[in-house]
Amino acid sequence: MSEKSPQPRRSPAAGGRPAKPYRRPQKDPVRMLAFEALRAVDERDAYANLVLPPLLKKARQNESFQARDAALATELVYGTLRRQGTYDAIISACVDRPLREVDPPVLDVLSLGAHQLLGTRIPTHAAVSASVELARVVLGDGRAKFVNAVLRKIAAHDLDGWLERVAPPYEEDAEEHLAVYHSHPRWVVSALWDALGGGRAGIEDLLEADNERPEVTLVARPGRSTPEELVEALGEESALPGRWSPYAVRMAEGGEPGALEAVREGRAGVQDEGSQLVAMALAAAPVEGRDERWLDGCAGPGGKAALLGALAAERGAFLLASEKQPHRARLVERALAGNPGPYQVIAADGTRPPWRPGSFDRVLMDVPCSGLGALRRRPEARWRRRPQDLEGFAPLQRALLREALSAVRVGGVVGYATCSPHLAETRVVVEDVLKGRGAGNQPVAAELIDARPYMEGVPALGDGPDVQLWPHLHGTDAMYLALLRRTA
């Protein structure tokens, strides 16, 4: 099968049939928007959750672009990204060359078409014709013929039928089977399975949860808003209480959080319950002696800092929010603006801090990581990350935890958090720092304390003393938390 341009049509004088009149391709605003978003993700390493909103805002300027169009465009973008690995395997079975030799824009159109055929209820003829029309607009007539031929092959089977053909049997290669069935890179399947433990059922539940659209969860910042205010603003039919956090409200029907007055004013915000639980657990853990100075050492973009600031204000404590990148520090400023208690935001490197050792009673260090715990929200991250990326994060994570333990006073508490369940970013980091592993490092005088009692009511928290949250068990991002008390 070829992407080559077709031969010129024969004219009647040359003995051929009369060529059909040329028809200008019609632009479908929904599929054009989805294609533009996928190209931005591929070409600029952008994230869909940042690219899509401005594209939708621009599209809504046209009165003919309805809410259902925005919903379909969103589904096409996120559905295609989540199922990219599965669709790549299927498309590969339908073309006569390695996928790396197919131009990326062509592959994006094919993937969008595959998702419409295999992942939505769009009728087959409509999915094929709409995708071919998109190809005519963005690729030209020649490559549109290639797209048409491939999609007609894909349409010959449903998703289950294709998975039977392209995935190896579980008994022969369990990790590759799961990788193809659930559209995760094999190395991610392996890492998640190691972190989760257990048999086939648990890992399949987790991978399936990664492919579900996450709810939008709000946080009512204490002293500034209440869950009742958010429920009233949303309407009882559109709001659900949080599962675990007393400050959480889930938007049952989606919608635009920025339309809520409390969110616009910064009294509430969008925040996954896993992040809320991490901040709440640090605030709830007992410290010995005073409880006056708190630090968020990696505060950007400011969600946890805003909740910590509100919790600190209830006790009259001061919060210092530090973020290395100045533009992210400005986001922290915006999140904390109007906080009822004393706070300060600075742009500083947590590995070379400006504060004196032992200055704080509580320290949160939510370190930069692979983000494998938020694949529901950023599905493209699973295809962008590589195993070697973890080696790059490791020295920084250890350095930040060491500095956090230096920043806290004796008897104070540090919360080490990541939005990743990968063992190399969670328990291994904590163990290495406590035992002084690494050239020139000394053991740290600190002890792990059981974090589970400070996530009251949350089930399936494991054997402790650290905590790993899971999308399939808790409905949260896969946040990790270890609580450590400085002992000398």
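Helices (H or I, at least four residues) and strands (E, at least two) are DSSP runs, numbered from the N terminus. Helix α4 spans residues 84-92 and helix α5 residues 104-119; they pack at about 105°, with axes 10 Å apart. Axes are lines fitted to C-alpha atoms, for helices over the stretch in contact, and angles run from 0 to 180 degrees between N-to-C directions.

From α4, the contact (heavy atoms within 4.5 Å) uses Y87, D88, I90 and I91. From α5 come L107, L110, S111, A114, H115, L118 and G119. By class, this contact has 7 nonpolar, 3 polar and 1 charged residues. Ala, Val, Leu, Ile, Met, Phe, Trp, Tyr, Cys and Pro count as nonpolar, Asp, Glu, Lys and Arg as charged, and the others, Gly among them, as polar.

The model is predicted: local features need pLDDT of at least 70, side-chain atom pairs count only at pLDDT 80 or more, and totals for chains, interfaces and linings use all residues. Residues are numbered from 1 along each chain as its sequence is written, and side-chain values use heavy atoms, without hydrogens and water.

An open sheet of 4 strands runs in the order β2-β3-β1-β4, with antiparallel pairing (at least two DSSP bridges between two strands). Its edge strands are β2 (239-241) and β4 (268-270). Twist averages 30° from one strand to the next. Strand β1 (residues 216-220) pairs with β4 over 3 bridges, in the antiparallel sense. A220 has A268 in β4 as its bridge partner. Helix α14 (residues 273-284) lies across β1 and β3 (248-251), at about 30° to β1.
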